[in-house]
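I opened this model to look up a handful of local features. My notes follow in the order I took them.

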Amino acid sequence: MGLNDSSPGAMRNGRGLSDQWAESVVVRPRTTERHITVHKRLVLGFALSILTLIIVTAVAVVLSVRFEECGGRDRDGMTGELGSRGSSGSGKMNGSRGERMGERGDEEAAQPWRNSRLPGSLRPRHYDLRLAVYMDNFTFSGDVSIELECVNATRFIVLHSDLVEKINIWGGAMRIHRHFPFPANQMYVVVLHRELKPMRLYRLNITFDAAIEDELLGFFRSSYTLQREKRYLAVTQFSPIHARKAFPCFDEPIYKATFSLTLRHDPQYTSLSNMPVESSTLADEDGWVTNHFARTPRMSTYYLAWAVCNFTYKETQTDSGVTIRLYARPDAISSGAGDYALHITKRLLGFYQDYFKVQYSLPKLDLLAVPKHPYAAMENWGLSVFVEQKILLDAEVSSSSYQMELTMVVVHEICHQWFGDLVTPVWWEDVWLKEGFAHFFEYVGTDFLFPKWNMEKQRFLTDVLHEVMLLDGLSSSHPISQEVQQATDIDRVFDWIAYKKVSAELVFIQKDTSQIHMYSNAARDDLWNKLSQAMRSEGRDINIGEMMDRWTLQMGYPIITIILLTITDIVLLLHSLQWQVPLTVALGNASTVCSESLIWVNNKTETHRIGEMDDNTWLLGNINQTGYFRVNYDLQNWKLLIQQLHNNPQIISVGNRAGLIDDAFNLARAGYLPQGVSLQLIGYLPEETSFLPWHAASRALYQLDKLLDRTDEYSLFSDYVLKQVASRYHQIGWPTNGPSNEGSNVLQASYQTEELQRELIMLACSFGNKQCHRQAVVYISDWISSNKNRIPPNIRDIVYCTGVSLMDEDVWEFIWMKFHSSTAVSEKKILLEALTCSDNTFLLNRLLNLSLTSDLVPEQDVIDVIIHVGRNPQGRNLAWKYFRDKWDVLNARYGEALFMNSKLIGGVTEFLNTEKELSELKEFIQSSGVGAGPALPRALEIVEGNVRWHRLHRRQFYQWLRKPPALG
Ligand SMILES: [Zn+2]
């Protein structure tokens, strides 16, 4: 599943920020013993590649052998009610009350539906699901026939059902005593007269009615306008726990089954599902069409999907004969906005098939671009659904960052066709497996598509490693693998910790296991042992299992401080929790860097001999930032490193230059380092020619900007930033908008330069460079007077936002008008964001109200509008107040999509930094915190941190800026 992130370069009144947030959770001890079932072909294929090894490891951790016991019996064939099964043995599933109940009373008293997990006595094998969809009144009626296998004798059938009404149940040979809903757990309970017998198959039939919801979950509707006519479509979003809103089912990922779907609807619509249409009939009486879709492979309920729409499509075929279609609004298809995604999907399917050595297993893959969706995308097997902004690309008007973000979402979702669809976590607490791996492959896959973007080597550092460490450093962070009990816990595991920390650690494992070409599909401890043995044979005595548990079960990351003891020895101090840290260290001076050595740090204090050092030798730790930890040094070493950067930055690798910046600012922010050290460090930026260190610096500076921009001495800070930016900004200049740019603004060789140029223009305009402002105003004026948009696509968002913030109300109205008339999704997005950049609180207020109460702004963009108003210093109080005033409405609308709610809460609170705002937040939590999940405690921690920084460090920070000491 793809999370909705704002674009990495999104402006806030000219200031770029990226969304950073995660959920908090209490650390609980948990068991680590897990087993595995693996798709056979996958197992075979995985033997061949080393990364694959890791994947299987992952699988090993999650997939439960308990299920294997059930699955293993499939061979025996069916008899039973429909006949009795040959073999014996009682496969116990998690949460199941395994023993057969001797007395009915005991079981009745136990009331298995009161448990938040399904009892596990029954296992669905196949669903026949038939739905009639009424688009005129947004309802549907269905009947589902579920073939069940009894695992343990029981008198109760407990399954999930939510929002499904008028249920009717009959059970064939089973005699039903009574049935009733149990809404607290979104369950439906059928009580039978007689016990079901283990090893037998039964059939349960349910008819039901339900609404096609106006919210973003379950089977829901949305709309778009085509030639002034409003058109509707209806689509599903079942992950993680919303299949139960569309039909009664066993809605936990472990209950994999096959599905045969039939959809009946008005013939003006098309219908789609995971599988192709097998047969289609037209009814004589009403002319309605009935589509029978082919039976799916065994899969979890949350991957089932269907859509009813009147989209058109373009298609292509892979070499192995898989048909890929991209479905979207007819105007988007005819304008070619889907061509790019279709093209890269075709390449990616081939790439992943080779990489994983497993064929894509369905006959087709549809990509559906919908106007409204709670996530960036969802990887339903054979029918992936994307929000338009993450799949439609109008090449002439899209920026490079838009294209990059879109590319990575597509790469991520296509990866899920293997990781997730084929191999599924047993339960949601291990969702990190599929999401972490898919996120890691975003970089691998994008690197395959566009080697010159240098994604894997470079952007990974700033966009994954630096970002997740920012979150993971909070005490409200959580271990990668976290316990999930309640349905409401589930959304919070889909967060950046799950996505990014795992992929950050994969980089490390990949490096360290690259010699091993074997794997195990047994318990993960076996696998760890084999890895450890292999490493031992290389002379490295490491207990991998112990190490990996520390990384996945502990939250946070280690900080290592390197202190020079004598001219040959260093002391290593390991802060925080118990870790084993693979620290690489190198010595260097003005002309050379010696080759690195590896030290495994296990203890809180360790002394190591490192080689001969003189007064000009500096030490550098975590070479190329491949390890998931921060490194601090004694002040003298920092001074030498900074001097080196000023004199000749190229001696230190580009990854380490970015890493030093990120470490220094974060260590200073947490009080581990004097504030002046990080500021002095970026004094070398005029010498910096690479994108990555600039990117790391701007991320750090925007973080500080949030803290400082309402302080009296703010100009000291902004002037200092502008001083660092000026020379490189003037040298690199603005992009030209010549014909050479058209259609391929990002591609290939110039990518890094264009990104650097964009970063510099954004910094310059955000922090108030006069020339930058003038240039933006000239562009906007030209657009208004000529009605021709000649602004280079790559910097349009910066120009729009700067123009709106500097120019008068007419410009705002002009942009508002363009927002309505534009059909290109990327353009619409940045026009809407630009509207939030105004200094005029009346206009901002108008925008907020229009967003929430009219349908002028798409529903999922409303949250972004509020967050972006909050990023504008002139709009902060407004957004914060608006959020609290409208909390009831917002919570009702987005509350269930916890992810959106968390994004909103994080977005409107991250800039709060005064005592007054802190108490307002506490008050708000007290009065309305119920139902908001863990986002509020996390927000509180961030705001407390902000207030603490002001109390402890602001004075020192400004003192340094008033009188920066000379170097050396
Ligand atoms: Zn995903």
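**Entry 1: cysteines**

I am working from a predicted model. I began with the bonded cysteines. Numbered in sequence order, they pair 1-2, 3-4. That pattern belongs to two disulfides in the structure.

I took the C765 and C772 pair, whose sulfur atoms sit 2.1 Å apart. The torsion about its S-S bond is -105°, and the link is left-handed. I checked burial at both ends: C765 and C772 are each buried.

Next I went to the link of C801 and C837, with an S to S distance of 2.0 Å. Its S-S torsion is about -100°, so this disulfide is left-handed. Where do C801 and C837 lie in the chain? I found C801 in helix α21, residues 796-806. I found C837 in the loop between α23 (825-835) and α24 (841-853). The two cysteines are 36 residues apart, and the pair links distant parts of the chain. C801 and C837 are both buried.

I also looked up two further cysteines. Is C249 buried or exposed? C249 has 0% relative accessibility, so I noted it as buried. C594 has 46% relative accessibility and counts as partly exposed.

**Entry 2: helices α25 and α26**

I turned to helix α25 (residues 862-871) and helix α26 (residues 876-885). Their axes come within 6 Å and cross at roughly 145°. The crossing of α25 past α26 is left-handed. Which residues make the contact? From α25 I listed I866, V869, G870 and R871. From α26 I listed R876, L878, A879 and Y882. By type, the contact residues come to five nonpolar, one polar and two charged.

I then asked how α25 sits in the structure. Ten of its ten residues are buried, so α25 is largely enclosed by the rest of the structure. Among the buried residues I noted D864, H868 and R871. The contact residues I866, V869 and G870 of α25 are on the buried list too.

**Entry 3: the five-stranded sheet**

I traced an open sheet of five strands with mixed pairing. Its order is β17-β18-β19-β21-β20. Which strands stand at the edges? They are β17 (312-317) and β20 (377-378). Each has a single partner strand, so one side of each is left without a neighbour in the sheet.

β20 runs antiparallel to strand β21 (residues 383-387), and two bridges join them. Opposite A377 I found F386 in β21.

Then I looked at what covers the other strands. Helix α7 (residues 339-356) lies across β17, β18 (323-328) and β19 (364-370). Against β18, α7 runs at about 155°.

I moved to strand β10 (residues 218-226) and strand β11 (residues 229-237). How many bridges pair them? I noted nine, in the antiparallel sense. Y224 faces R231 of β11. Two residues lie between the strands of this hairpin. I checked Q227 there, and it takes a positive phi near 45°.

β11 also has bridges to strand β16 (residues 306-309). There are two of them, and β11 and β16 run antiparallel. The bridge partner of V235 is A307 in β16.

**Entry 4: E688**

I picked out a glutamate in a loop. E688 lies between α16 (675-681) and α17 (691-708). Is E688 buried or exposed? Its relative accessible area is 0%, so E688 is buried. I then looked for its contacts, leaving aside neighbours within four places in sequence. They are R657, P693, W694 and R728.

**Entry 5: the whole protein**

The protein has 30 helices and 28 strands. It has 968 residues, of which 64% are buried. I also looked up contact separation. Among contacts with a separation of 6 or more, 74% join residues 24 or more positions apart.

Conventions
Residues numbered from 1 in each chain as written. Predicted model: local features only at pLDDT ≥ 70, side-chain atom pairs only at ≥ 80, totals over all residues. Heavy atoms only, no water. Axes fitted to C-alpha atoms, helices over the stretch in contact; angles between N-to-C directions. Helix = DSSP H or I, 4+ residues; strand = E, 2+ residues; numbered from the N terminus. Left-handed = near helix turned anticlockwise from the far one by under 90°. Contact = heavy atoms within 4.5 Å. Nonpolar A, V, L, I, M, F, W, Y, C, P; charged D, E, K, R; others polar. Pairing = 2+ DSSP bridges. Disulfide = S-S within 2.5 Å. Buried < 20%, exposed > 50% of the residue type's maximum accessible area, 1.4 Å probe, protein only.
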